[in-house]
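Please read this briefing with the sequence and the 3D structure open beside it. The points below are grouped by topic.

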Amino acid sequence: MTATETFAPTRPTRPTPRTGGIRALYAGNSRAVIGRGLLATRSSNWLIVVSGFFEPVFYLLSLGIGLGALVGSVSTTTGQPVSYAAFIAPALLAVSAMNGAIYDSTWNVFFKMQYSKLYEGMLATSLGPLDVALGEIFLALLRGAVYATGFLIVMQVLGLNLSWTAVLAIPAVLLIAFGFASLGMAITSYMKSFQQVDWVNFVLLPMFLFSATFYPLSVYPQGIQFVIQALPLWHGVELVRGLTTGALSIAMLGHVLYFVVMIVGGLIFTTRRLRALFLD
Amino acid sequence: MLSIDRRTPQGAWELRALGQGELLVCIIVPQPVIAASLLTKKYKEFAAVDGISFEVEPGESFGLLGPNGAGKSTTMRMVGAVSTRTSGSLSILGLDPNDHGPEIRAQLGVVPQQDNLDMDLRVRDNLIVYGRYFGMSLSSCAAKAEELLEFAQLADRKKSKVGDLSGGMKRRLTIARSLMNDPKVLLLDEPTTGLDPQARHILWDRLFRLKEQGTTLLLTTHYMDEAEQLCDRLVVVDKGAIMAEGAPADLIRSYSTREVVELRFGSELNASVAEQLVGIGDRVEVLPDRILIYTDDGDGDLGWIVAKGLTPITSLVRRSSLEDVFLRLTGRSLIE
């Protein structure tokens, strides 16, 4: 016997822990999260899902058609006069995108985070927090897209789409929903009780009523206009209204940019929070 | 040309004649599946896990025994690569969880303390969807799910809603789910807590089968009978630190006597009677509700006590258990 070798196990003995890179956050498998979501919708409450579609339709019929008969025509931001129904319909479309995305990313996400421990289970597998965040946000978007398309069909039937660019309202609505969903999920991750989730409605209702939804921004004094313009819904309303009425302007690119920033910021926050909460 | 190759769970060696009187001997020492050294987890100033070290060999069934709040679950979360350590070193399947979290998690099966089954999905879909999280194909998920439904004795409930299952069934489904990715190591955090005795025995039987198939098990428990049933080796943990390590029988042998006499004189009298028992057996332990006498001859000692005119309300002679080991090491009961 002339050669003896022993292979001893090598063990990492790094004293200071460091965190991994993107591989630790993202496994490129959001479709598994989406697949789960689609399968789970089978057991969802369809009455609630459908009511989300009818809410803006009811607003449109009562305010747009009913009240609109008294109001007459209104000027858009670019000065184009349109019927009152055609003025509020795109705003309601933006609002329905917001509501759908917020409902999914606050109530639903909160429940999955705190009660059903769904994310805890997911993150014990090879999924990363970014897979979960992207998958859940995609599902919220899908729901928003279904609502938006339905509403746009109603608008078409009522003759409220004044330009071919109204077709572009669908991607615009998805952009808006994406922004609200990613920000909503980030905010939800800080919440500890259902009461706190309720505060979201406390913010959403005034934003819905005052974001140049039912009348032009110009009715406000300058100071209040700035406040409204800082809030996301106003950008959404202006973007969609420009597209459905055909009153295009360069300012619309600014609205798009606003939502891009909101999406990126929301995603970064959500991923960080999911990591802090479940991979501490 | 001679070549001998032997592989056992304990390691492998290979002998190869190279010719001209030369012989090559390779001894492959198995790498521990889990190696923790001075592992520590602090939440602000509080050390939930305070410098524990242990190694788990392939195919071994290893237990963390300790009361609630001992740091068992925190240790499990670090081993499960879902919690980062504050200091110390940790290697799971040869990888550092700080750098390779997803790779490690892909090879682990996790049964958490609280069931976190997907309540929106049916029994079979729970398994399939979980397999998809690991990136498995739909067809292999479906095949694996059928196999595991059989294993978990849930084949007749595959279309049921999860909410309609009993506690024991949910637990079995959670275990089945944890096996979807053919894990090399199964982490079980308090696997039978909250189950009735019959459900516990069914579960132990399933876990025993896994053990026989060579799955490495790491489990936490505060039930001594569970630890004795399932663990080849265990550490007794208290307040984030390891108090003792060994096989259940060895621990009982080294930290306790063969038998224990349990006497109840009523909570008023226990302390005063205990003074008259000094000198009996190896050691006398007074608990609020009973007196324990550690001895090698329980029946003999009990006879002596009765002959002395002391009349306990109840008396019992039993074998020493891990409960006694824990009491000896910490001065406290395991379940409080």
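## Overview

The domain assignment divides chain B into domain 1 (1–30), domain 2 (34–252) and domain 3 (257–319). Between domain 2 of chain B and domain 3 of chain B, the C-alpha centres are 39 Å apart. The model is predicted.

**The two chains**

- Chain A has 10 helices and 3 strands.
- Along the sequence of chain A, the pattern reads β-α-α-β-β-α-α-α-α-α-α-α-α.
- Taken along the principal axes, the C-alpha atoms of chain A fill a box of roughly 105 × 40 × 40 Å.
- Chain A has 280 residues, and 45% of these count as buried.
- Of the contacts in chain A with a separation of 6 or more, 82% are between residues 24 or more positions apart.
- Chain B contains 11 helices and 16 strands.
- The box filled by the C-alpha atoms of chain B, again along the principal axes, is roughly 75 × 70 × 45 Å.
- Chain B has 336 residues, of which 44% are buried.
- For contacts in chain B between residues at least 6 apart in sequence, the share that joins residues at least 24 apart is 65%.

**A helix pair between the chains**

- Helix H1 (residues 30–41) of chain A and helix H3 (residues 123–133) of chain B have axes that come within 8 Å and cross at roughly 160°.
- An angle over 145 degrees counts as roughly antiparallel, so H1(A) is roughly antiparallel to H3(B).
- The crossing in which H1(A) passes H3(B) is left-handed.
- On the side of H1(A), the contact is made by A:Ala32, A:Gly35, A:Arg36 and A:Leu39.
- On the side of H3(B), the residues are B:Asp125, B:Val129, B:Arg132 and B:Tyr133.
- The contact of H1(A) with H3(B) is made up of 4 nonpolar, 1 polar and 3 charged residues.

**A helix pair inside chain A**

- The axes of helix H5 (residues 129–157) and helix H6 (residues 169–188), both of chain A, cross at roughly 140° and come within 9 Å.
- This angle makes H5(A) oblique to H6(A).
- H5(A) and H6(A) cross in a right-handed way.
- From H5(A), the residues that meet H6(A) include A:Ala133, A:Ile137, A:Ala140, A:Gly144 and A:Leu152.
- From H6(A), the residues in this contact include A:Ala169, A:Val173, A:Ala177, A:Phe178 and A:Met185.
- By type, the residues of the contact of H5(A) with H6(A) are 15 nonpolar, 3 polar and 1 charged.

**Two buried residues of chain A**

- A:Gly128 sits in the loop between H4 and H5 of chain A.
- A residue with 20 or more other C-beta atoms within 10 Å counts as buried, and A:Gly128 is buried because it has 28 of them.
- A:Gly128 and A:Arg23 are 105 residues apart along the chain, while their C-alpha atoms are separated by 8.0 Å.
- Not counting residues up to four places away in sequence, A:Gly128 touches A:Ala24, A:Leu25, A:Tyr26 and A:Ala27, and also B:Pro102.
- A:Glu238 is placed in helix H9 (residues 232–245) of chain A.
- A:Glu238 counts as buried because it has 26 C-beta neighbours inside 10 Å.
- From A:Glu238 to A:His255 is 17 residues in sequence, and 7.7 Å in space from C-alpha to C-alpha.
- Leaving aside neighbours within four places in sequence, A:Glu238 is in contact with A:Thr77 and A:His255.

**Positive phi values**

- A:Lys117 is a residue other than glycine with a positive phi, near 55°.
- The loop that holds A:Lys117 runs between helix H3 (84–114) and helix H4 (118–123) of chain A.
- A:Lys117 has 18 other C-beta atoms within 10 Å, so it is partly exposed.
- B:Leu38, also a residue other than glycine, has a positive phi near 50°.
- B:Leu38 belongs to strand S4 (residues 34–43) of chain B.
- B:Leu38 counts as partly exposed because it has 14 C-beta neighbours inside 10 Å.

Note on methods. Residues are numbered from 1 along each chain as its sequence is written. Chains are lettered from A and ligands numbered from 1 in the order in which they are written. This is a predicted model: local features need pLDDT of at least 70, side-chain atom pairs count only at pLDDT 80 or more; totals for chains, interfaces and linings use all residues. Axes are lines fitted to C-alpha atoms, for helices over the stretch in contact, and angles run from 0 to 180 degrees between N-to-C directions. Helices (H or I, at least four residues) and strands (E, at least two) are DSSP runs, numbered from the N terminus. Angles under 35 degrees count as roughly parallel, over 145 as roughly antiparallel, 65 to 115 as roughly perpendicular and the rest as oblique. A crossing is left-handed if the near helix is turned anticlockwise from the far one by less than a right angle, and right-handed if clockwise. Two residues are in contact if their C-beta atoms, placed from the backbone, lie within 7 Å. Ala, Val, Leu, Ile, Met, Phe, Trp, Tyr, Cys and Pro count as nonpolar, Asp, Glu, Lys and Arg as charged, and the others, Gly among them, as polar. A residue is buried if 20 or more other C-beta atoms lie within 10 Å of its own, exposed if 12 or fewer, and partly exposed in between; C-beta atoms are placed from the backbone. Domain bounds come from an automatic or database domain assignment.
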